[in-house]
Amino acid sequence: IQDRVCTMPDWQRRIYDTLAKTGETQETLAYQQKMRLACTHPCLLLPGGRLVMGAHNEMVAKFKGLIEVLLECGIENREGEMPHRCVLFVQFKKTLNILDKVFFPEQFPKLKYKMLEGSMSLSARQRAINAFNSEKDITVMIATTKVGGVGIDLTGADTVIFVEHDW
C-alpha cells in the first residue's frame, strides 16, 4: 500500500485557494465535498457535470499522478496484454465520466477498459465484470466505490488504485 503525493499546478491551486476563502463553514459536508472535487479536477465543480477541459495546458495533479502509477504498473497506451491489470476506484460519478470521456481517450486511446457505475443494470455490470476477468486485453476496470466496493469479483486485477478516497 502506498500513497502518491500530487502537487497541484498553479492554476488548480488558485481555484482551490479561492474556494477555501469563500467564507463557507469548513465543517459542512458540502464544503468538504467541494474541496475534494477541486483536488480531483476543478471542472467537477461546474453545474450539471459539464466537462470543460483544455482551458489550461497543464494537467491536474491527480491525473498526472495516475499516469505515473499506470506506467509504473506497465500499463501503456497500446493494445494487448499488459504485465498488470488494475481496478481504478473513484468516489464521484463525475470523475468516472472524466476518466471515460476525456482521460483515457486522450492519454491512453489504445487501452481497452471496462466501467462499472450505478446506472448500469445488474446484468450489464455482470457482463462488464465477466469481460474484465476473462479477456486479458482489457487492462483496466474503472468503478465508483459505491458500485465496485461490495459483492463483486474482480479477480482479473492484481492492482487496485483509489483515485479518490471516500473515507
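## Helix α3

Which residues of α3 are buried? They are Ala 61, Phe 63, Gly 65, Leu 66, Ile 67, Val 69 and Leu 70. Note that the model is predicted.

Helix α3 has 12 residues. From its first C-alpha to its last, α3 reaches 17 Å. That is close to the 16 Å expected at 1.5 Å a residue. The buried residues of α3 pack against α1 (10-20), β1, α4 and β4 (159-162). After α3 comes Gly 74. The phi of Gly 74 is positive, near 80°.

## How α3 meets α4

Two packed helices are described by the angle between their axes and the distance between the axes. Take α3 (residues 61-72) and α4 (residues 93-107). They pack at an angle of about 60°. Their axes are 12 Å apart. The two helices are therefore oblique to each other. Their crossing is right-handed.

Which residues make the contact? On the α3 side they are Phe 63, Leu 66, Ile 67 and Leu 70. On the α4 side they are Ile 98, Leu 99, Phe 103, Phe 104 and Gln 107. By type, the contact holds 8 nonpolar residues, 1 polar and no charged. Look back at α3: Phe 63, Leu 66, Ile 67 and Leu 70 are also among its buried residues.

## Lys 110, in a loop

Now move past α4. Lys 110 is found in the loop between α4 and β2 (112-116). Is Lys 110 buried, partly exposed or exposed? Its relative accessibility is 47%, so Lys 110 counts as partly exposed. The cut-offs explain this: buried means under 20%, and exposed means over 50%.

What does Lys 110 touch, leaving aside residues up to four places away in sequence? The answer is Asn 77, Arg 78 and Glu 79. Glu 79 lies 31 residues from Lys 110 along the chain. Yet the C-alpha atoms of Lys 110 and Glu 79 are separated by 5.5 Å.

## Helix α5

Helix α5 covers residues 122-134, which makes 13 residues. From its first C-alpha to its last, α5 reaches 18 Å. This is close to the 18 Å expected at 1.5 Å a residue.

The buried residues of α5 are Ala 124, Ala 128, Ile 129, Ala 131, Phe 132 and Asn 133. What covers them? The cover includes the strands β1 (86-90), β2 and β3 (138-144).

How values were computed:
Residues numbered from 1 in each chain as written. Predicted model: local features only at pLDDT ≥ 70, side-chain atom pairs only at ≥ 80, totals over all residues. Heavy atoms only, no water. Axes fitted to C-alpha atoms, helices over the stretch in contact; angles between N-to-C directions. Helix = DSSP H or I, 4+ residues; strand = E, 2+ residues; numbered from the N terminus. Parallel < 35°, antiparallel > 145°, perpendicular 65-115°, else oblique. Left-handed = near helix turned anticlockwise from the far one by under 90°. Contact = heavy atoms within 4.5 Å. Nonpolar A, V, L, I, M, F, W, Y, C, P; charged D, E, K, R; others polar. Buried < 20%, exposed > 50% of the residue type's maximum accessible area, 1.4 Å probe, protein only. Expected span 1.5 Å × (residues − 1).
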